[in-house]
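Please keep the structure open as you read.

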Amino acid sequence: MSHRPRIAVFISGGGSNLQSLIDASRDGRLKADIVLVVSSKLKAFGLQRAAKADIDTFVFRLKDYPDPEAAETDLIEKLDAYDIDYIALAGYLKLLPASVVKKYRNCIINIHPALLPKYGGQGMYGHFVHEAVIASGDKVSGPTVHIVDEIYDNGRILMQEEVPVMPDDTSETLAARVLEAEHRIYPQALQKLIEEQQVRSRGS
Ligand code: GRF
């Protein structure tokens, strides 16, 4: 890849991690361009963030298609049209179609709000994660950025940052502390992946 990498960010909600990627791309910490934001929800606030940053958006919902195959084909065509090199999931609550995972193998990352492999897997998202951490009595938590494969929260871990769990934490206060760390490491982890692959392609 000799050009500046082109990123699609997938969201379902507020998009604060999307914002951290946009900011990092604009101030030079992330040497890549966010060129497309895909949302599973029409009203996701992240779509407004994308519009404000002048980034194209695409609302992708299975219910808008006659069958899952038609949906997958349309999504792949969209990613092709934007010449996407990497996909960053940022609060995306749907499973990516298998054909997308296959086509972008090792080029899709996700951020999870706990220290994987603990507190991952299906159903472990949002407040469920932080509630489980607090209930366990663990003294540390923190985000994980990992490669996405066919299994939930399973792929190679690229980066983690530990944050303390305080005795009086609620899932909200812990989520806020973890989210701050997410915003720091997500752009760093994406940059790390890009650099790893640039080194590998020079070596081959
Ligand atoms: C984050 O906590 C992230 O770890 C998880 O979903 C949340 C998304 O938040 N995957 P935002 O939409 O980026 O603000």
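Seven strands form an open sheet of mixed pairing, in the order S3-S2-S1-S4-S5-S7-S8. Strands here are DSSP runs of E with at least two residues, helices are runs of H or I with at least four, and both are numbered from the N terminus; two strands pair if DSSP finds at least two bridges between them. The edges belong to S3 and strand S8 (157-160), each with a single partner strand, so one side of each is left without a neighbour in the sheet. On average, neighbouring strands of this sheet are turned by 20° against each other, direction ignored.

A word on the source: this is a predicted model, in which local features need pLDDT of at least 70 and side-chain atom pairs count only at pLDDT 80 or more, while totals for chains, interfaces and linings use all residues. Residues are numbered from 1 along each chain as its sequence is written, and side-chain values use heavy atoms, with hydrogens and water left out.

Now follow the strand pairs. Strand S1 (residues 6-11) runs parallel to S2, joined by six bridges, and Phe 10 stands opposite Val 38 in S2. Helix H1 packs on this sheet, touching S1, S2, strand S4 (86-89) and strand S5 (108-112), where contact means heavy atoms within 4.5 Å. The direction of H1 makes about 165° with that of S2; axes are lines fitted to C-alpha atoms, for helices over the stretch in contact, and angles run from 0 to 180 degrees between N-to-C directions.

On to the next pair: S2 (residues 33-39) and S3 (residues 56-59) pair in the parallel sense over four bridges.

How do the axes of H1 and H2 cross, and within what distance do they come? The axes of H1 (residues 16-27) and H2 come within 9 Å and cross at roughly 20°. That makes H1 roughly parallel to H2, the term for angles under 35 degrees. Ser 16, Leu 18, Gln 19 and Ile 22 of H1 make the contact with Gly 46, Arg 49 and Ala 50 of H2.

The peptide bond from Leu 116 to Pro 117 is cis, with omega near 10°, and Pro 117 lies in the loop between S5 and helix H5 (127-136). Asp 83, although not a glycine, has a positive phi of about 55°; Asp 83 is found in the loop between helix H3 (68-81) and S4.

Key
Parallel < 35°, antiparallel > 145°, perpendicular 65-115°, else oblique.
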